[in-house]
Amino acid sequence: MQWPVPPTGRQSPENSHLWLPRHTLPDYRAEAGLSGQARRAVLPAAGQLPSADIAVHKRIMRIAIVDESATRAAVIQEGLAKRDDCEIFVVTERRGLVARISEIAPDIVLIDLGNPSRDVLEEYFTVSRALARPIAMFVDESDEESITASIDAGVSSYVVDGLAPHRIRPILDLAVKRFNAFSRLQSDLAEAKGKLAERETVDQAKRILMDSRGLGEPQAYAELRKTAMNQGKRIVEIAEAVVTAHHLLGGK
Amino acid sequence: MRSELAVGFLPLVDAALPVLAREHGFAEDEGISLTLVKDMSWATVLDRLLYGHTDAAHLVAPLAITTTLGRGRPAQPISVPFVLGLNGNAITFRSDLAARLVTPGRLGDPVEVGVKLAAIVRESIAKGVKLRFGVVHRHSSHNYMLRYWLAACGIRPDVDVEMMTVAPPYCADALEAGEVDAICVGEPWNSVAVERGVGRIVLVTAQIWRRGVEKVLALRRPVLEEKREATEALIRALIRAGRHFVDPANWDRNAAILARSEYLDGNPELIRRAIADRLLLTKGGDLVHLPDFMFQYREAANFPWVSQAEWLYTQMIRWEGIPFTPGDAAKAAQVFRPDVYRSALLGTDEPLPGASSKVEGSLGQKTAVTAQQGEMVLENNMFFDGMSFDPTDLEGYLRRLP
């Protein structure tokens with residue numbers, strides 16, 4: 001959301017050069033060992049040390065999960081926590097997001113596609129001079145499949161430039177799997193909720209029939225089922241009609 | 001034969017035409033089964049377009065050009081066969097600042113407000129503080145229009161003030177929290193800030209450039225080629241939606257449709273204000289009529305003038321400090337596809353301009369222009385500073401800009 005505010009306050013020179021033209025920045029792609037074909041959107045941040053790229057291969061990866069859904073973030077975190085080569089940071093609060101990311105200095109940022117702060121974050125990755133290392137979007141064209149999978153799952157990722165693909169890939173695969181699992185969980189939940197609501201409607205319709213026509217419960221249900229079969233509809237649809245009609249006729 | 005098209009959009013009032021084309025059955029009438037995909041950031045709208053989740057997208061115009069030129073990600077050619085609307089954005093200041101810039105309840109004059117703002121900016125710098133302006137995306141017309149105005153008023157956007165990106169739904173929050181001093185955003189987000197009493201609308205972008213290009217219908221070029229017939233059918237449906245949008249008889253109904261949870265999920269009253277060009281500038285004030293605030297249909301507003309794409313390219317050069325090249329200029333110009341628009345509407349009642357490019361900002365009054373079909377009358381299309389943009393001399397224009 002907000003540009004990183006340096007501790008010195010708003011008038012810091014870092015803040016006055018936020019939208020520096022890209023061509024004025026040195027191209028670290030070559031130094032990071034990326035070939036011309038590795039066409040990632042590499043946007044180097046100034047002041048970054050090429051040696052950081054080498055260091056990344058040796059140390060623990062810092063992974064930031066940006067998600068306004070704390071539950072989903074926890075699901076991703078839990079999956080990644082099993083790995084011994086990463087440290088996980090979860091950011092669910094949108095206020096101060098950019099400052100928080102800048103503090104974390106992540107190697108990989110995972111953010112859900114539905115997050116309104118994505119444009120803010122991309123802007124920050126594009127131009128921020130506060131970051132010590134360049135962040136690239138993971139849009140290597142040779143890996144279309146992986147991007148498609150990640151967009152299908154609803155997660156986007158930003159990876160520090162120069163991080164070896166064999167280190168990135170398992171993290172992204174895992175994130176994609178976890179995102180998909182979470183979506184399934186949600187749709188199962190929605191379905192379960194829907195079924196519960198359906199059962200309640202059928203119960204309500206049964207009670208209406210029992211009260212108004214003096215039927216027993218099995219007969220009331222049989223009436224609903226018979227009508228549904230005759231009309232080629234689902235029992236719940238007939239039950240809804242009964243409940244609606246009952247309300248319209250002044251019933252409670 | 002029925003074709004299926006998926007169109008991505010951000011929940012803003014100017015996503016109206018695709019929504020209405022679907023809801024009123026205009027797309028259906030053209031044999032298009034239209035699916036709309038709502039997202040919350042331009043990055044995601046673009047991702048879905050580039051990776052085939054959608055066939056077309058409601059997009060901030062400059063982003064179509066920067067994507068084609070490969071700014072920020074690998075280049076992918078984008079085509080714009082239809083403009084979804086002109087302007088419709090406002091500049092909302094923190095209430096205390098607004099009180100120093102305009103008479104409450106009145107819209108400011110861009111020149112007068114600019115003079116007062118420049119004084120406040122100098123005052124702030126002397127105190128060691130810079131005013132902060134929020135825009136919705138670096139590659140947005142909001143950013144270019146705001147910068148155009150600031151620069152013409154002697155305020156250097158990257159030096160005298162700070163520019164930052166704020167997601168539209170968070171604009172009011174950012175004003176309230178003091179994270180920004182002003183925002184340039186589309187509706188309903190200015191009105192939301194006004195209603196919450198955290199800001200006042202001081203200017204609208206139509207005052208900066210009376211006919212400023214805003215959102216466009218963007219497709220990947222290969223998709224446009226592959227689905228050319230369906231795209232042309234969609235253009236005809238969108239034109240009908242535009243005609244429907246500007247008719248006062250439909251304002252209530254259309255505001256109610258746009259307000260639904262699957263679209264803007266917002267307040268129909270605020271949405272209606274934007275549709276009707278009548279905004280509340282200050283909480284508790286009266287609605288003020290702002291002619292041409294949103295310009296979605298008349299004067300072939302949806303025609304993708306090549307000169308508009310070229311103007312956007314000059315602003316990109318201007319603010320991102322990248323060198324001008326005739327090759328990039330040509331690529332940018334080719335993003336806008338008047339040929340597709342013409343082919344879609346040839347033989348209909350819609351007027352088609354005789355030219356595909358024009359000197360922008362050159363008309364102060366109603367002027368009849370040559371037409372390929374029907375009658376074309378263009379009205380005031382001035383920039384507030386009186387400069388005009390001649391697309392045959394981009395470099396000369398760039399040199400003349402402050």
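Author: Two strands are said to pair if DSSP finds at least two bridges between them, where strands (E, at least two residues) and helices (H or I, at least four) are DSSP runs numbered from the N terminus. This is a predicted model, in which local features need pLDDT of at least 70 and side-chain atom pairs count only at pLDDT 80 or more, while totals for chains, interfaces and linings use all residues. Residues are numbered from 1 along each chain as its sequence is written, and chains are lettered from A and ligands numbered from 1 in the order in which they are written.

Reader: Which residue of S9(B) stands opposite B:Phe93?

Author: Strand S6 (residues 89-94) of chain B pairs with strand S9 (residues 182-186) of chain B in the antiparallel sense, over five bridges. The residue of S9(B) that stands opposite B:Phe93 is B:Ala182.

Reader: In what order do the five strands of the open sheet in chain B lie?

Author: The pairing within this sheet of chain B is mixed. Strand S8 (162-165) and strand S10 (199-204) of chain B each pair on one side only, which makes them the edge strands.

Reader: How many of the twelve residues of H7(B) are buried?

Author: A residue is buried if 20 or more other C-beta atoms lie within 10 Å of its own, exposed if 12 or fewer, and partly exposed in between, with C-beta atoms placed from the backbone. In H7(B) the buried residues include B:His142, B:Tyr144 and B:Trp149. H7(B) is largely enclosed by the rest of the structure, because the number of its twelve residues that are buried is ten.

Reader: Is B:Arg273 buried or exposed?

Author: B:Arg273 has its place in helix H13 (residues 268-275) of chain B. Leaving aside residues up to four places away in sequence, B:Arg273 touches B:Ser191, B:Arg278, B:Leu279, B:Leu280 and B:Leu287, a contact being two C-beta atoms, placed from the backbone, within 7 Å. Because B:Arg273 has 25 C-beta neighbours inside 10 Å, B:Arg273 counts as buried.

Reader: What is the mean pLDDT of chain B?

Author: The predictor's confidence in each residue is given by pLDDT, from 0 to 100, and where pLDDT is low, the predicted coordinates should not be read in detail. In chain B, 100% of the residues reach 70 or more. The mean pLDDT of chain B is 96.
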